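Colleague: I would like to learn how to read a model like this one. Please take me through it feature by feature.

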Amino acid sequence: MTTDLAPNSSADSLDPVVVEPVREFLRTPKQHLIGGRWVDSASGERFDTVDPATGRVLTSIAKGGAEDVDRAVRAAREAFEGEWSRWTPAQRQRLLYRVSEVIRDRATEFAQLESLDNGKSVAVAEGVDVLWSAELFAYYAGWATKIEGRTIDISVPWVPGGSWHAYTLREPVGVCGAIVPWNFPLVMACFKIPAALACGNTVVLKPAEQTPLTALLLGEVLSEAGLPDGVFNVVTGYGEAGAALAAHDDVDKIAFTGSTEVGKLIVDAAKGNLKKVSLELGGKSPQVVYADADLDTAIPGTASGFLFNHGQTCTAGTRLLVENSIFDEFTAGVAEVARGAKIGPGLDPTTDIGPLVSAEQLARVTGYLDQGLADGARALSGGKRHGDNGFYVEPTVLVDVKDDFSVYREEIFGPVVVATPFDAEEGVRPAANDTPYGLAASIWTRDISKAHRTAREINAGTVWINCHNAFDCAMPFGGYKQSGWGRELGEAAIDLYTQTKAVNVAL
């Protein structure tokens, strides 16, 4: 299968800033990584991955299906029960540290591939995505030697005078399937892979079909670092590959990041063998701005909250709730920031807003804009597609929005924010929680007591105060309501990739 966009691209026609290792990587049609070998799909089918800044084909990708997933799962099972099971925690720790350092050393390659495949700013890709991915491998390297059970002083009441030695073991879950989205392809993979490996699991990764390249480069890095064959596998393809992975009866756990709609399908697919499931899903996050906020900080801060990564962020602050006494002034300031954002290709390090990931996503976002304006919303900035080439959308601030508009209620996944006023006397809690999602929120105020009170009132897994999208490897991340199950990052992720065994010995 090939795209209907320009099919004549080659690695040699890329922007001159693209380094030779990236060009060489793209010259070779990409295969699956299964059992330590690079292999074609069982069907022989392929598809193209496209540069969203130009619509040109980057390279050809193996299109996996159920048979390829089955091969990868069997390889992962064999590795889990073989050499990998004999690795000590210290061995796993050293390998993960090596991978962290290689990612740092090859940051330019990872960043340029991410920018070409996804459209994001290469500066953001290197300074955020690649740096964070390296940090995640280093962070979970440290955890590999710190996964502990405990002893329990027990009483068995129906055995008077009994003597017992009881303890728990924390053991790996087994074969873990990981399905990741296209908005942060490398980072979302690294939310899962290092934690799973630190705990002694094996992994089958299915990257998004729009953005498979950095997953494949990561597979090269892990193999070259000395990971045993079959411990980490990559199957590229469309939804059928992800569905096969979620449903496979020899997969012990599935970790998914993506839309709430697909997350529900993952749950249905996983019930066959009742595998463990963790889900990080959609969001419609509020940014609450009180009249006493520092506007010099809050205006650019809230603008970044919905413009970062071109709005293609599950935590994007796409509902701007502003106290009514400053509403006009504040929204005018945010719109000015949005209008001043530089739109361009991700390989230009001065770009603020790159293209959306695909023609499909462009149509989705502009469709929401058209509907919102038709419903009666007013655009203070943007409101339409930018230019005729590439998949660009103008950064958009919508006002005069009612709470039943689709732009208010649904996740758009583009550089679009809807702004509505609230009365501080009546409180912001009803508006902040008026969503089926509960992933993240931010609060902007100089009053620290008010900030803490509001943080308790908002039903979200993460609440930032006077900042937005401020993450750290050690902070747990996940959602309330339809934003997901479980918590990634921090110690919480260790719970996702281990299971507890209780042992009781009669003495």
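**Reading salt bridges, a helix and an annotated site**

Modeller: Start with K342. It counts as partly exposed, at 36% relative accessibility. Keep in mind that this is a predicted model.

Colleague: How do I read that percentage, and which class does D348 fall into?

Modeller: Under 20% is buried and over 50% is exposed; partly exposed lies in between. D348 has 24% relative accessibility, so it counts as partly exposed.

Colleague: Which residue forms a salt bridge with D348?

Modeller: K342 does. Look for the closest N and O atoms: here they are 3.1 Å apart. The cut-off for such a pair is 4 Å, so this one qualifies.

Colleague: How many salt bridges are there by this rule?

Modeller: The count comes to 23. Some link up: E20, E24 and R27 form a network of salt bridges.

Colleague: What should I ask of a single pair? Take R77: which side chain does it meet in a salt bridge?

Modeller: Ask for the distance, then for the places in the chain. R77 meets D252, at 2.7 Å from N to O. R77 is in helix α2 (residues 66–81), and D252 is in the loop between α9 (239–247) and β10 (253–257), so the bridge ties together parts 175 residues apart in sequence.

Colleague: Is R77 buried or exposed?

Modeller: R77 is buried, at 14% relative accessibility.

Colleague: Another pair, please. What does R170 bridge to?

Modeller: R170 forms a salt bridge with D495, and their closest N and O atoms are 3.0 Å apart. R170 sits in strand β6 (residues 164–172) and D495 in helix α17 (residues 492–496), so parts 325 residues apart in sequence are tied together. Both ends are partly exposed: R170 has a relative accessible area of 27%, and D495 has 47%.

Colleague: What do I check at the ends of α11? Which residue caps the N-terminal end?

Modeller: D294 is the cap. One of its side-chain oxygens lies 3.1 Å from the backbone nitrogen of D296. Just after the helix, look at phi: N309 has a positive value of about 60 degrees.

Colleague: Which residues of α11 are buried, and what covers them?

Modeller: The buried ones include L295, I299, A303 and F306. Their cover includes β12 (286–289), β13, α12 (327–340), β15 (396–399), β16 (416–422) and β18 (440–444).

Colleague: Loops next. Where is T318 placed?

Modeller: In the loop between α11 (295–307) and β13 (319–323). Skip its neighbours within four places in sequence, and its contacts are K284, S285, V416, V417 and V418.

Colleague: Last, annotations. Which residue does UniProt list for "active site"?

Modeller: UniProt lists E280, in an unreviewed entry. Then place the residue. E280 is in strand β11 (residues 276–280) and is buried, with a relative accessible area of 2%.

Colleague: What does E280 touch?

Modeller: Leave out residues up to four places away in sequence. Then E280 touches M188, F256, T257, G258, C314, L439, F477, S483 and E488.

Conventions
Residues are numbered from 1 along each chain as its sequence is written. This is a predicted model: local features need pLDDT of at least 70, side-chain atom pairs count only at pLDDT 80 or more; totals for chains, interfaces and linings use all residues. Side-chain values use heavy atoms; hydrogens and water are left out. Helices (H or I, at least four residues) and strands (E, at least two) are DSSP runs, numbered from the N terminus. Contact means heavy atoms within 4.5 Å. Buried means under 20% relative accessible area, exposed over 50%, partly exposed in between (1.4 Å probe, protein chains only). A polar contact is a pair of N or O atoms within 3.5 Å; within protein, one must be able to donate a hydrogen and the other to accept it, and residues adjacent in sequence count only if both atoms are side-chain atoms. UniProt positions are given in the numbering used here, feature names are shortened, and annotations may be inferred rather than shown by experiment.
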